[in-house]
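Q: I am new to this structure and would like to be shown around. Could we go through it step by step?

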Amino acid sequence: LHLVRALPLLWLDILIRRAATIAICAQLGCTKQVSVPDLGAMPHGPVWPPAPNEPQVSWVGHVDLAAMGVQRPMDVACTRGHQLAIADPDGPAVWTLNLNTGEYATLQTVDAHRMVSPIGVGWHRGDVVIADPGAEAIYRTRGPRRRRATVLHHGAPMTRPTAVMTLGNETLLIVDAGGHQLLRMSDTGDGINVESGERGEVGTGFNFPVDAAVASNGEIFVAD
């Protein structure tokens with residue numbers, strides 16, 4: 001997991017590579033620890049874009065995810081306080097990592113059942129929300145240090161959820177690749193509705209959308 005700082009320091013964007021590493025662009029119950037870089041240190045190392053362009057991102061350091069036991073990081077989400085959630089479908093597990101202290105924990109079961117293939121994570125009101133297409137389910141962590149999780153929704157109208165994120169104080173947005181649609185759901189799991197979508201060509205619908213991002217003004221950007 002590579003840490004890179006955007007210049008100037010503003011907030012946090014995420015870059016994902018489907019390899020054994022996760023790159024994090026920082027624009028701005030844990031019982032184990034892993035070595036983490038000093039996030040307050042001056043940026044050093046490679047920058048992007050290279051000279052003569054003005055640099056926007058600088059490499060800060062990295063975290064050895066293999067030392068934690070992460071097998072195949074697929075998605076990552078971060079809070080303003082540098083708390084990470086990492087989806088690991090080969091675990092199958094979801095990991096939480098505190099970049100300030102190096103403390104981490106893993107979650108593998110939901111309501112006493114093992115996750116199947118969690119590939120999407122997001123933060124919502126202090127909890128981690130998880131998309132598990134193998135189980136056709138959305139989970140949410142509960143309790144102190146997010147050591148437990150429950151099923152928020154399972155099955156129709158959702159077929160293969162690949163991403164989940166906060167859409168408002170009490171609302172979640174779900175990307176359903178199998179259903180070629182976006183879904184809106186309350187954060188208690190009630191009232192799931194189709195926000196937008198049907199299968200179609202560019203400009204007329206979706207064709208296996210896999211991820212999305214919600215802008216501060218409410219606009220939704222979808223990767224299809």
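This is a predicted model: local features need pLDDT of at least 70, side-chain atom pairs count only at pLDDT 80 or more; totals for chains, interfaces and linings use all residues.

Q: What does Ile-119 touch?
A: Beyond residues up to four places away in sequence, Ile-119 touches Met-74, Asp-75, Ala-87, Pro-89, Ala-131, Pro-133 and Thr-162. There is also a C-alpha to C-alpha distance of 6.1 Å between Ile-119 and Asp-132, two residues that are 13 apart in sequence.

Q: Stepping back, how many helices and strands does the protein have?
A: The count is one helix and 22 strands. The protein comprises 224 residues, and 46% of them count as buried.

Q: How many bridges join β13 to β14?
A: Five bridges join β13 to strand β14 (residues 127–132), and the two run antiparallel. As an example of the pairing, Val-121 has Ile-130 in β14 as its bridge partner.

Q: Which strands make up the open sheet of five?
A: That sheet has the order β4-β10-β9-β8-β7, again with antiparallel pairing. Its edges are β4 (32–33) and β7 (75–78), and because each has a single partner strand, one side of each is left without a neighbour in the sheet.

Q: How many bridges are there between β8 and β9?
A: Strand β8 (residues 83–88) pairs with strand β9 (residues 93–98) over six bridges, in the antiparallel sense. Within this pairing, Ala-85 stands opposite Thr-96 in β9.

Q: And what lies in the loop between β8 and β9?
A: Pro-92 lies in that loop. The peptide bond leading from Gly-91 to Pro-92 is cis, with omega near -25°.

Q: What kind of peptide bond joins Trp-48 and Pro-49?
A: The bond between Trp-48 and Pro-49 is a cis peptide bond, with omega at about -10°. Pro-49 is located in the loop between β5 (47–48) and β6 (57–62).

Q: While we are on backbone angles, what is the phi of His-82?
A: His-82 has a positive phi of about 65°, although it is not a glycine. This residue sits in the loop between β7 and β8. Its relative accessible area is 22%, so His-82 is partly exposed.

Q: And what about the phi of Phe-208?
A: Phe-208, which is likewise a residue other than glycine, has a positive phi near 65°. Phe-208 occupies the loop between β20 (193–196) and β21 (211–214). With a relative accessible area of 43%, Phe-208 is partly exposed.

Q: New topic: how many aromatic pairs are there?
A: The count comes to one aromatic pair. Trp-95 and Tyr-104 form this pair, which is tilted, with 6.1 Å from centre to centre and 45° between the planes.

Q: Are Trp-95 and Tyr-104 buried or exposed?
A: Both Trp-95 and Tyr-104 are buried.

Q: Last one: where is Ser-186, and what does its side chain reach?
A: Ser-186 is in strand β19 (residues 181–186). Its side chain reaches the backbone oxygen of Asp-190 at 2.8 Å. The side chain of Ser-186 also makes a polar contact with the side chain of Thr-188, at 3.0 Å.

Q: Which residues is Ser-186 in contact with, leaving aside its neighbours in sequence?
A: Setting aside neighbours within four places in sequence, Ser-186 is in contact with Glu-170, Thr-171 and Gly-191.

Key. Residues are numbered from 1 along each chain as its sequence is written. Side-chain values use heavy atoms; hydrogens and water are left out. Helices (H or I, at least four residues) and strands (E, at least two) are DSSP runs, numbered from the N terminus. A polar contact is a pair of N or O atoms within 3.5 Å; within protein, one must be able to donate a hydrogen and the other to accept it, and residues adjacent in sequence count only if both atoms are side-chain atoms. Contact means heavy atoms within 4.5 Å. Rings of Phe, Tyr and Trp (its six-membered ring) pair if their centres lie within 6.5 Å; planes under 30 degrees apart count as stacked, over 60 as edge-to-face and the rest as tilted. Buried means under 20% relative accessible area, exposed over 50%, partly exposed in between (1.4 Å probe, protein chains only). Two strands pair if DSSP finds at least two bridges between them.
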